[in-house]
Amino acid sequence: MSWLTPEVIDILFAVFQAVVILLVAVIAGALLSFVERRVLALWQDRYGPNRVGPFGSLQIAADMIKMFFKEDWIPPFADKKIFTLAPAVAMGTVLASFMVIPVTDTWGVADMNIGILFFFAMAGLTVYAVLFAGWASNNKYSLLGGLRASAQTISYEVFMGLALMGLVAQAGSFNLRDIVEYQAQNLWFIIPQFFGFCTFFIAGVAVTHRHPFDQPEAEQELADGYHVEYSGMKWGMFFVGEYIGIVLISSLLVTLFFGGWHGPFDLLPQIPFIWFALKTGFFIMIFILLRAAIPRPRYDQVMSFSWKFCLPLTLLNLLVTGALVLLNTPAAVN
Amino acid sequence: MSANSATAVPPYTENDPQVVQELTERFGEHAFTRQATRTGMPVLWVGRDRLIEVLRALRDLPRPYVMLYDLHAMDERLRTHRDGLPAADYTVFYHLLSIERNSDVMIKVALNEADLNLPTATGIWPNANWYEREVWDLYGITFTGHPHLTRMLMPSTWEGHPLRKDYHARATEFDPFSLTAAKQDLEQEALRFKPEDWGMKRQGKNEDYMFLNLGPNHPSAHGAFRIILQLDGEEIVDCVPEIGYHHRGAEKMAERQSWHSYIPYTDRIDYLGGVMNNLPYVLSVEKLAGITVPERVEVIRVMLAEFFRITSHLLFLGTYIQDVGAMTPVFFTFTDRQRAYDVIEGITGFRLHPAWFRIGGVAHDLPRGWEKPVRDFIKWLPKRLNEYQKAAMDNSILRGRTVGVSKYTTAEALEWGVTGAGLRATGLDFDLRKTRPYSGYQNFDFEIPLAANGDAYDRCIVRIEEMRQSLRIIEQCLNNMPEGAYKADHPLTTPPPKDRTLQHIETLITHFLQVSWGPVMPANESFQMIEATKGINSYYLTSDGSTMSYRTRIRTPSFAHLQQIPAVIRGSMVPDLIAYLGSIDFVMADVDR
């Protein structure tokens, strides 16, 4: 087997890793739809889906069968190309973002120097999914949803980037793996970068359009907003895309602020996967709990919260961090 | 009228002689014909030429009649008992309410079939608008000067005026219905909204407006309700509420059901109100019949009515919080409702629509052991209410969504005919259970919760507190339930007491006739208003001495509340409208009847 050189094995292993991470992300996203319903039901004093399979565990299969076989209908008044493109963008951009996340010290798809920037780029693109869907559906509710989405995303992405800059300044790298290593050697960023964590978390919820920032859908107001005209698998992609988004933001939070695959106080370094999954699961639950717990602010209140509260807070955080970093750096030689 | 001067509501004056005196002094003895009724208010007939003058005088009197409580009509052509009344083919009546006098007056106008036309009252009370449209819709009486006299309840393509006596009541009396493709297109086209019809512009100076059709199938429209919004971005420039999708002709059906068999229909007017709907109807019929019910009946009725106030308010609370975006509380309030319904089911045998009150009593006596579930429920609910208060009402996001949103003053509320919690949230202490006690409410110790700002938040706070007061009333019913009969001993009680039927042939015959034909109510008119779950609900009954009602006018609170929407919401945003709709607490069955 002369062709099986170490390089080829490395490549095959990298491909294998990529495929596994992709599958895990998609399956976790799909499973989340079931988990969320059951967990919400638990908090809401009801049963949730418990009929299909033991404890309702096959509900997801039933949902998928339904979604695949449903008529894939495009309204005659819609702009067909963009209408079809939108769900692909929705799911594609979040999946692509998974590329930069280091799951353990050996697992991860791409080890990019610009990891965080790549995530920002992808997050910036996700808004096009909603915009395209809102515009192409040619429906007034969708349009209002699309409008809200673009306004909200622009406001929240401004400080989402800034929220992480303090952390980048401290770690001195955009590379997520370096950031995790930095945390392992020093302190998890949740402590020095607490305000960065708060604002990034808020922005993360806003970017995934999760409650209470689900303004583009806002069932009570816009009757599901931008995806009101979607059905079948196209709708399913928006749906699963949203859940994958939750997984993505949760794992980013873990990577950036909670030491990635490391356990607290370097406990049990043998089980990096489990640490990573546990911590990510915790944040996923927070996402769901948020949805169960609070009402939805008005759209203009969301915007003013972003510009008048979060943005100044991130700037302040960046200034203070910058000052501290400068203080601790040995003076440059002139 | 300022809100403060109105807050002191004097005791109720039945058949207020003073207003009659004031009117005759001003217009002369001959301007009016007085009709003796059992409505509890002076009923004055006035000529068409002086109508507007008289109405305006009533509006401008010292201590004015600020509220046009009701306006509707009656087809008089088949009415036989009309002694001493002016000749009329149709009558239009104006029911006016004064807060400062705490008394009512009814003005009637006789109309001839050949000339069905009246001047509009929209210039005096803005809420005459929808009532006049409905009268035109159902009776074909036109109102000169009305800004938009079109169909209200029936589709715009409808032919005929359904409440006329010569209009069939049964589907079998019509030709079979068919819908051709062409007709369907026509109907669809008729539903298209044309802003120009409503005097709306499609463009402003620098912008095009978007017309957004919200409903009749929208998650927050609370039933089949359509409201068309003229939007500039997300700001509502103007809007047109459209009702009628839930119209079932309840008033028409009353004219072909016996007095007794109509009771189940009343349950379905405000379908969350259950027996609360029976109450004004049976009280009104009892006035016609001259029945005084035993004390036990009154207390049982009050207890069940308050149970339904709680179930209705719980549903309101859950959906209201859901409308502002919190998904969880609705499940909890529904759990509480289930508990209340378990009690109701234990007592009446039914849950949502018990139809359990009877003319002269209730259907059955209380079952053995009824006290325990009632007591359990009284113990259960208060801590849950505190939880809702803490988890939802004190939440800053919810407050941000509702405080100061869709605000109106007492004066505005009164001129639009707003009653119930929506009125009391503006600070006016007007609850019929205190101001015009009925069914023994004067014997109970409870308070009327008030608020000051009249916004979406206050309307909810008032209702939460009302539930606590209802619990107090129920507790008093529980502790002081009088012994005695659950039916009045009166020949018109329906079904009649059966004790002596097998010994006494006269009683047997009466019983037989009453059960088969139904009771015959003496010819007269009667009226009863109650503080229902959503505001003031009333039945204005006209009997022509038959087994069926000649005319049943059901005045529902939600109708008035929806008419007010555009006046309140102009200039707000779409999410504010949703919070506002949630805070009104309406059901479309209550609007459309």
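In chain B, β3(B) and strand β4 (residues 90-98) pair in the antiparallel sense over eight bridges; two strands count as paired if DSSP finds at least two bridges between them. Across this pairing, B:Leu71 stands opposite B:Tyr94 in β4(B). Helices (H or I, at least four residues) and strands (E, at least two) are DSSP runs, numbered from the N terminus.

A quick note on the model: it is predicted, so local features need pLDDT of at least 70 and side-chain atom pairs count only at pLDDT 80 or more, while totals for chains, interfaces and linings use all residues. Residues are numbered from 1 along each chain as its sequence is written, with chains lettered from A and ligands numbered from 1 in the order in which they are written.

Five strands form an open, mixed sheet in the order β1-β2-β5-β4-β3 (chain B). Its edges are β1 (32-35) and β3 (67-75) of chain B, each pairing on one side only. Neighbouring strands are turned by 25 degrees against each other on average, direction ignored.

| Helix | Strands of chain B | Angle |
|---|---|---|
| α3 (residues 51-60) | lies across β2 (43-46), β4 and β5 (103-111) | about 175 degrees to β5(B) |
| α4 (residues 128-139) | touches β3 and β4 | about 10 degrees with β3(B) |

Axes are lines fitted to C-alpha atoms, for helices over the stretch in contact, and angles run from 0 to 180 degrees between N-to-C directions. Contact means C-beta atoms, placed from the backbone, within 7 Å.

Finally, the contact between the chains takes 22 residues from chain A and 26 residues from chain B. On the chain A side, α5 (140-171), α8 (219-222), α10 (272-293) and α11 (299-328) each supply at least two residues.

Methods
Contact = placed C-beta atoms within 7 Å.
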